[in-house]
Amino acid sequence: MAGFELPKLPYEYNALEPYIDERTMNIHHTKHHQAYVDNLNKAVGGTAFEKKDITELIRGLASVPDNIRTAVRNNGGGHLNHSMFWKMMAPGAGGEPSRSLGDSINSKFGGFEKFKEEFKKAALGRFGSGWAWLVLNGKELEVVSTANQDTPLTDGKPPLLGIDVWEHAYYLKYQNRRAEYVDSFWNVVNWEDVAKRFGQALKQ
Ligand code: MN3
């Protein structure tokens, strides 16, 4: 069996209550994320790709053979996206980004509230399953969304913050009310992690 593994959640399943409920976090991590890992391992087992770093694997998707490329795109993308997503949130987090990230958001979007509006629009505008992202495009911040488990990394845009808008991410607590889930998400955004990704992405 290939060696991709489910990362441990950096906090307890109930740590993001009441914004993201314990049952959703548990199923999302132990069932959905685990399934992406298992299916990725099935796809790349016995190939040269099984030892690759997940980020490198997804960046190099074009070089993955046809017969497993879709499986790697969906399940490798799912593994990569969720591994980031858990770290982009934290208990007792939220608030506003500070220092250079805060300044960059203000100058790019015309203020933090304007940024939140644009991010929410991307999250609500994604029809069906996918993600909304704050990414770095060259040296510029940008809000984008992707379908399914696609990542903006494939377009050379490192993700800084992402929200999973698949129904499995919010349905138990919010049912069809995706907008409410997005509004709640701001209470758990780990801006320290986002700022770290911003710093690293600027250097690349
Ligand atoms: Mn998910």
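**A guided reading of the predicted fold**

With 204 residues, a compact globule would have a radius of gyration near 17 Å, and the protein has 17 Å, which agrees; the radius is taken over C-alpha atoms, and the globule rule is 2.2 Å times the number of residues to the power 0.38. This is a predicted model, in which local features need pLDDT of at least 70 and side-chain atom pairs count only at pLDDT 80 or more, whereas totals for chains, interfaces and linings use all residues. Residues are numbered from 1 along each chain as its sequence is written, and side-chain values use heavy atoms, with hydrogens and water left out.

The C-alpha trace spans about 50 × 40 × 30 Å along the principal axes of the protein. There are 8 helices and 3 strands, and from the N terminus on the elements follow the order α-α-α-α-α-β-β-β-α-α-α. Helices (H or I, at least four residues) and strands (E, at least two) are DSSP runs, numbered from the N terminus. Of the 204 residues, 49% count as buried, where buried means under 20% relative accessible area, exposed over 50%, and partly exposed in between (1.4 Å probe, protein chains only). Among contacts with a separation of 6 or more, 68% come from residues 24 or more positions apart; a contact means heavy atoms within 4.5 Å.

The accessible surface comes to about 10,000 Å², of which 48% belongs to carbon and sulfur atoms. These areas come from the Shrake-Rupley method with a 1.4 Å probe, and for residues only the protein chains shown count as cover. The protein carries 25 positive and 25 negative side chains, and the centres of the two sets lie 3 Å apart. Lys and Arg count as positive and Asp and Glu as negative, while His and the chain ends are not counted; each charge is placed at NZ of Lys, CZ of Arg, CG of Asp or CD of Glu.

Helix H4 (residues 99–109) has Leu101, Gly102, Ile105 and Phe109 as buried residues. Seen down the axis of H4, these fall within an arc of 100 degrees, so they line one face of the helix; the arc is that of the directions from the helix axis to the C-beta atoms. The cover over the buried residues of H4 includes helix H5 (112–125), strand S1 (130–137), strand S2 (140–147) and helix H8 (191–203). On the face turned away from the buried side, H4 carries the exposed residues Arg99, Asp103 and Ser107. Just after H4, Gly110 takes a positive phi of about 85 degrees.

His79, in helix H3 (residues 66–87), is buried, with a relative accessible area of 5%. Not counting residues up to four places away in sequence, His79 touches Phe4, Glu5, Pro7, His33, Tyr36, Val37, Leu40 and Ile54. Ala195, in helix H8, is partly exposed at 26%; its C-alpha atom is separated by 9.3 Å from that of Leu161, 34 residues apart along the chain.

The backbone also deserves attention. Most residues other than glycine have a negative phi, and most peptide bonds are trans. A cis peptide bond, with omega about 0 degrees, joins Glu17 and Pro18, and Pro18 is found in the segment before helix H1 (22–44). Asn148, in the loop between S2 and strand S3 (159–164), has a positive phi near 55 degrees and is partly exposed at 39%. Gln175, in the loop between helix H6 (171–174) and helix H7 (178–185), has a positive phi near 50 degrees and is partly exposed at 30%.
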